[in-house]
Each structure stands twice: as C-alpha cells, then as structure tokens.
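Dear colleague,

I am handing over a structure to you with this email. Please look through the sequence and the model first; my notes come after them.

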Amino acid sequence: MAGGRGQRLMPLTKRRSKPSIPFGGIYLLIDITLSNCINSQIYKIAVLPQYKGQTLMEHLDAGWNIFSRALGHYLKVLPPQQQLGDMWYRGTADSIRQNIHILNQDDIELVLVLSGDHVYKMDYRLFAGYHREKGAMVTVGVIEVNKKMASRYGIIEVDSDFRVVGFEEKPEHPKTLPGDPDKSLASMGVYLFDISTLKDVLANTDGMDFGKDILPGVFHEVPVFAYPYKMENRIEEIIHVTDEATGKRAARLIDRARDSAYWRDVGDLDSYWNANMDLTGVDPYFNLYGQKWPVRTFQKQYPPAKMVFASEAEDPPRAGKALDSLVSHGCVLSGSVVRNSVLSYNVVVQSWSLVEESVVMEDVVIGRNCRIKKAIIANQTRVPANTHIGMDLSEDRKRFTVTPRGIVVVDRDDFA
Amino acid sequence: MSVEREKMAKILIIDDQPYIRETVSEELGDEGYEVAVAADVTSVQKDLVSTRPDLVLLDLYLEGMDGFKVLREIKVREPGLPVIIFTAYDSYLDDPRLARADGYVIKSADFGELKRKIKDVLRQKQQSPPKGESG
C-alpha cells in the first residue's frame, strides 16, 4: 500500500499523507484497509508510505504493533530507501519494485496490492478464492459505477466470463456495461497477483503505476480477471432487531450486511466529506458498529463525550445535543447543537452554535453563535465566535477552500 | 396541466441553504425559467398549490424533514410533477427510495448538467401524459 501525495485533498494533506487523514472520528483512513487485512486473516503486511509519513508511522507504531514475528506475522513499514537510485516512489508499481526483495523472503504465492485510502469492508479470502477458481494470474477488483462518476476511474471491459479484454484510464466517454448504458465497470485499485506474474511484470516493464501503465498492457499477455466486488463480497454481520410489540431487542445473524457492497475511493474533498456522511444516520451506508468485521485503530485517552446545558426553554435555547452524528471522546457540546456530523476527539462546540453536515477533526474549538453547514474543519482550528461557514459560498470562497459540491474546507491557518 | 413552452416553465427550488436558492434561481432565471423558492419544508404543500410549478428541484437534507419524505409527498399529491434531486451527496444515486424521482444531479459549481437535466425532463414531460415516470 502506498500513500499518495493527495493534491486533491488539500488542505487536509498539507501536513500528512492521504492514508493518515482522520476518518469517522477516531480512525485514520489506513485503519480501514488494515482492518480488512486482519479480518481476512492476512498477517503479512508491508506498508509503503510516501510523502509526509510521520503521522502514519507514529500511528502504526502506536496502534498496529500487534503482529507476532514468532508466528511469522508482520507489519513492515518501508519508506523509500532509494536503494535503486535517488527517486521517491513514483507510483504503486514502482513502490513495490523498489521493495521486491521482501517478496523473496517468505514462501509467498499471492500478493495483494491495496490502497490506504479506500473505505470498504472486503473479505480478501473470497477475492483469492475467485482468483484461484478462474485460473487468473492477476485479478482486479471492479465495481459498477454510475456513468456520471466513471471518468474518475480506470474503466475495465470484460467478456462474459469476466476476463478483462479492455482497459481505459479515466476516459472522457467511458464504455458502459452491455445491457446497462448508465453503468461502467471501474477498477477499485485492488489487485491480486500470482507472485511469478508480479515479478515478471515489474522486471520486464518500467511502468510506475498498476492502473495507468501496467494493467493496460498485461491483460494481453496473461489471464487477467475482474472480480465483481458488489456481487461477490460478503460480510456477515449481527444486527439487532427490536420487536415492536414486546420491545425486546434480539440479535440476528445476517449472511450479507448491506455494506458488503460499499466501496469508496476517498480521492478528493467531496468524496471524503461524503464518505464521512455515509457513517451517520440510523441505518448508515457504512456501518462502524458491526461486531463481525471490527475496524481497529489506536484509541486515544480522552474522557467521555459530554453534552451540557439543558435549557431548552431559554430563548434562544441553550441545550447541548447531537443528532444523527458520531461524537468522539473528549468532545464537549456546550449549549450547542450538532446534526448529521462526525466529530473527532476533543472538539468543543460552544453555546448557541449549530453544526450541520460537517466533519470536524481533532482539537477544534467552535466559538459561540457560529453557524456551520457542509464543512470540513481540519484539526486544531479555532473558529471564532459568530463565524458563519457554508451559509454564503461566495463569501467563503474569499477565505477558505470551497469544493465543486459546495463543501467548505477550513484549516487552522485560515484563522491564524 | 396546460402545455407551456419549455423556456417559460416554472421551477420550484426546495433547499435549506439560502446561497443555493439564490444562485440556482439566478442561473435558471437567466435561462428564461420562472423560479420560486422554498426553504421550509413544512410549507411544501402550500407552495405546490400557490406556485403550481412545472418541475421541482429538491435537496435531500432539509431541516425538520428529509427530502425522501418530501419526494414521496409530492409524488402522492402530484404524480405527474417531475422532481429532480439536487444534492451534494452521491450516496443516494442508486437509492431505491429515490426511484420515483425524475433525475439526480450532484451539486456542482458548473450548472451545465443541471440545466441539461431540467431541459430533458421538461421535454419528456411534454411528450408523455402526466404519470410518475422515472428517468
């Protein structure tokens, strides 16, 4: 897994790489993929960080130092060593090429190449089963995407057996599925290689990136198959159902949780915001509350979230509450209302403020009488009293980053 | 409903963000549409009666009521009235609760797609009898 520069996530990537951007209040993006690995019983992991790797390294050291070398398990962090020249990693393929020696150390048959900035729950065991069943040398995870979104991805063409027969990187006019002119098959950037093929490809080509340079050539040479993730992926889960008549809550095992089909590449600010919003609500698109597919992280020590002032009758009301939201440890909602939002650790929202549809990162203080809507507030930002964000985008554009969908991104430097 | 020329169609924008109401009104006004706005969803029923729109642009996240419910209510009251979902979220593109909507446009600084979709939906409406078609 390499960590890209993340230009499209600026200013969030000012001080950290994409995989170490906070997500869902208490996680970093990379936790999602690493959790998928251990939930799929994959215990040999190499992380190939790229730019600004400090936050990532510290997090992995604090939270993911859980592998037993004695049992042959490891999580190795391999920043660019410049062993093969003076270059940084120049792409996903290049990062592995520069570290090819680690693949010779164990008795490895299959290599899974993942990205540290995707949000999904994928059972890689099913992926490997499919790869073997098809007799594939390379298998690419694919997802049906709405044609509207397709030009952002590598688009894959398959035959009726799902063998890859065409590949276009970010096409302007994407090929659609036979029988469904609104959908295209996009590469998820999740690859499984037979180790011999991977070594051959890396030795015989000088492509830097699997998606851009290598896949478009390799499917002519060896059998490459597409793995229809939405159809094949299956995460079982325990859900709780309350009987309306008796009020009794009972656990029920379902063989395929709804988020088995969820996948999102958090490549730009709009999709980052949207992925966080997908966590909120009664029956969220991506559920962090399951038991069968836990997402782990390094949990910081903070006191429980606190909501204070209960003066609903005052005019204006001074009541601290959070609705349809995730609120992390250390947060204090002091006479303020938070709705449809994700609050990371240690966020203070002061009286008479309203925060809606927003992502608020660690150590943020939002002063009194603020009105914040559809915003991403980066860590350690101090929002002064009476600030309005997301209410008038033409004003916001003068001071902050505003995304194409109208999400306002605020960084600590904006109020310095 | 009387058949009006496409350019003269009246569009009701339901969105709780004043900025969106203003900018979208301006953009659509420049295209020759007549525009009405509503922020408060409790008044949708009233607004439908008083403005008699030819098309509704509906945001999904609205204070006090969700857009899904508003869509359902509109389609019960006025099955032939086209509704285009206009939202910052892409999560609901394939949501079955929106199957009866006539279009889904993700908010963007560029209004081209919205304008094209409105045109398409109004054209379809003129060509087909008033029935809850999906697009």
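Predicted model: local features only at pLDDT ≥ 70, side-chain atom pairs only at ≥ 80, totals over all residues.

Residues are numbered from 1 along each chain as its sequence is written, chains are lettered from A and ligands numbered from 1 in the order in which they are written, and side-chain values use heavy atoms, with hydrogens and water left out.

**Chain B**

Chain B contains four helices and seven strands; helices (H or I, at least four residues) and strands (E, at least two) are DSSP runs, numbered from the N terminus. Along the sequence these elements follow the pattern β-α-β-α-β-β-β-α-β-β-α. Chain B has 135 residues, of which 54% count as buried. Here buried means under 20% relative accessible area, exposed over 50%, and partly exposed in between (1.4 Å probe, protein chains only). When contacts in chain B between residues at least 6 apart in sequence are considered, 65% join residues at least 24 apart; a contact means heavy atoms within 4.5 Å.

**Where chains A and B meet**

Contact between the chains involves 26 residues of chain A and 23 residues of chain B. The buried area, that is, the accessible area (1.4 Å probe) that two parts lose on being put together, summed over both, is about 2100 Å² between chain A and chain B, and carbon and sulfur atoms give 46% of it. On the side of chain A, the residues that lose the most area to chain B are A:Lys148, A:Tyr285 and A:Arg405, together 27% of what that side buries.

Across this interface, 16 residue pairs are in polar contact, both residues being at pLDDT 80 or more. A polar contact is a pair of N or O atoms within 3.5 Å; within protein, one must be able to donate a hydrogen and the other to accept it, and residues adjacent in sequence count only if both atoms are side-chain atoms. Helix H5 (147–150), H9, strand E27 (371–373) and H10 of chain A each supply at least two residues of the side that touches chain B. By class, that side of chain A has eight nonpolar, five polar and 13 charged residues. In this classification, Ala, Val, Leu, Ile, Met, Phe, Trp, Tyr, Cys and Pro count as nonpolar, Asp, Glu, Lys and Arg as charged, and the others, Gly among them, as polar.

Four salt bridges are counted between chain A and chain B, where a salt bridge is a side-chain nitrogen of Lys or Arg within 4 Å of a carboxyl oxygen of Asp or Glu. The side chains of A:Arg405 and B:Asp90 form a salt bridge with N and O 2.8 Å apart.

**Salt bridges over all chains**

The count over all chains is 36 salt bridges. One of them joins A:Glu362 to A:Lys300, with 3.0 Å between the closest N and O atoms. A:Glu362 lies in the loop between strand E25 (359–360) and strand E26 (365–366) of chain A, and A:Lys300 in the loop between helix H9 (269–277) and strand E15 (306–308) of chain A, so the pair ties together parts that are 62 residues apart in sequence. A:Glu362 is buried at a relative accessible area of 16%, whereas A:Lys300 is partly exposed at 33%.

A:Lys398 and A:Glu395 also meet in a salt bridge (2.8 Å, N to O). Both residues lie in helix H10 (residues 393–399) of chain A, three residues apart, about one turn of the helix. A:Lys398 is exposed, with a relative accessible area of 63%, and A:Glu395 is partly exposed at 41%.

In chain B, the side chains of B:Glu31 and B:Lys115 form a salt bridge (3.7 Å, N to O). This pair links distant parts of the chain, 84 residues apart: B:Glu31 is in the loop between helix H1 (18–30) and strand E2 (34–38), and B:Lys115 is in helix H4 (residues 112–127). B:Glu31 is partly exposed, at 24% relative accessibility.

**A sheet and an arginine in chain A**

An open sheet of six strands in chain A has the order E19-E22-E25-E28-E32-E31, with mixed pairing; two strands pair if DSSP finds at least two bridges between them. Its edge strands, E19 (326–327) and E31 (401–402), each pair on one side only. E31 of chain A runs antiparallel to strand E32 (residues 408–410), and two bridges join them. A:Thr401 has A:Val409 in E32 as its bridge partner.

A:Arg97 is in helix H3 (residues 92–97) of chain A. A:Arg97 is buried, with a relative accessible area of 16%, and its side chain reaches the backbone oxygen of A:Leu202 at 2.8 Å.

With kind regards
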